[in-house]
Amino acid sequence: MKHDPFTVFTSWAGPLGAMTLAATSRGLSGVWFDGQRHGPDTSTWRIDPAHPVLRAAIQQLDEYFAGQRTSFDLPLDMHAGTPFQQQVWQALLGIAPGATASYGSLSAAIGKPAAVRALGAAVGRNPISIVVPCHRVLGANGSLTGYAGGLERKTALLSLEGAALSTAPHH
């Protein structure tokens, strides 16, 4: 994964567990639950809890979890992904709070209806959890499908946003 050589990071004790947040000169580049799949290697990054983007992200995440914010207003750096991944991550930003989309509808929305599996892989590699709302993508029958941060967290995030959850079985 390519990252700006000047990536800075900090840790945050969020209500769903410890998280690592990263930023580059372009903006917020990562929000990961500690231990999640596809998490970052921070060994070459500099710890900087005072970085203005990281401070703003933590403030907005606090407001989100307190029910005072439904969307985020942060500069984002999604350059770590391939052009296809960036297109998918951009499409995720179009799913409104409290709404959900299926992998199929999302792949159709980006003009690649046959690319459902590739889209699913790109959603799973989204580096900016919560802020870029990959948790709002559900299976075709409305079922909760994989989430790199764990299905319990996906359920909690959707419940916090007031999304109508299906009683379909989890996969």
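Trp12, Tyr64, Phe65 and Phe72 form one aromatic cluster. The model is a predicted one. Six aromatic pairs are present in the structure. One of them joins tryptophan 12 to phenylalanine 65, with ring centres 6.1 Å apart. The planes of these two rings meet at 35°, so the pair is tilted. Stacked pairs require planes under 30 degrees apart, and edge-to-face pairs require over 60.

The two partners come from separate elements of the chain. Tryptophan 12 belongs to strand β1 (residues 8-14), and phenylalanine 65 to helix α1 (residues 52-65). The pair therefore ties together parts that are 53 residues apart in sequence. Tryptophan 12 has a relative accessible area of 9% and is buried. Phenylalanine 65, at 19% relative accessibility, also counts as buried, because the cut-off for burial is under 20%.

Helix α2 (residues 83-92) was examined next. Its buried residues are Gln85, Val88, Trp89 and Leu92. Viewed down the axis of α2, these residues fall within an arc of 100°, so they line one face of the helix. An α-helix has 3.6 residues a turn, so residues three or four places apart point the same way.

Helix α3 contains serine 107. This residue is buried, and its relative accessible area is 0%. With residues up to four places away in sequence left out, serine 107 touches Lys112, Pro113, Ala115, Val116 and Leu119. Of these contacts, Val116 and Leu119 fall within the span of helix α4 (residues 116-124).

Helix α4 also contributes to the largest pocket. Four residues of the pocket lining come from α4, the largest share. The pocket holds about 250 Å³ of space. By class, the lining has eight polar, six nonpolar and three charged residues.

Key:
Residues numbered from 1 in each chain as written. Predicted model: local features only at pLDDT ≥ 70, side-chain atom pairs only at ≥ 80, totals over all residues. Heavy atoms only, no water. 1 Å grid on protein atoms, 1.4 Å probe; cavity = no way out; pocket = protein on both sides within 12 Å on 5 of 7 lines; lining within 4 Å. Points joined across faces, edges and corners; volume = space filled by probe spheres on them. Helix = DSSP H or I, 4+ residues; strand = E, 2+ residues; numbered from the N terminus. Nonpolar A, V, L, I, M, F, W, Y, C, P; charged D, E, K, R; others polar. Phe/Tyr/Trp six-rings, centres within 6.5 Å; stacked < 30°, edge-to-face > 60°. Buried < 20%, exposed > 50% of the residue type's maximum accessible area, 1.4 Å probe, protein only. Arc of directions from axis to C-beta. Contact = heavy atoms within 4.5 Å.
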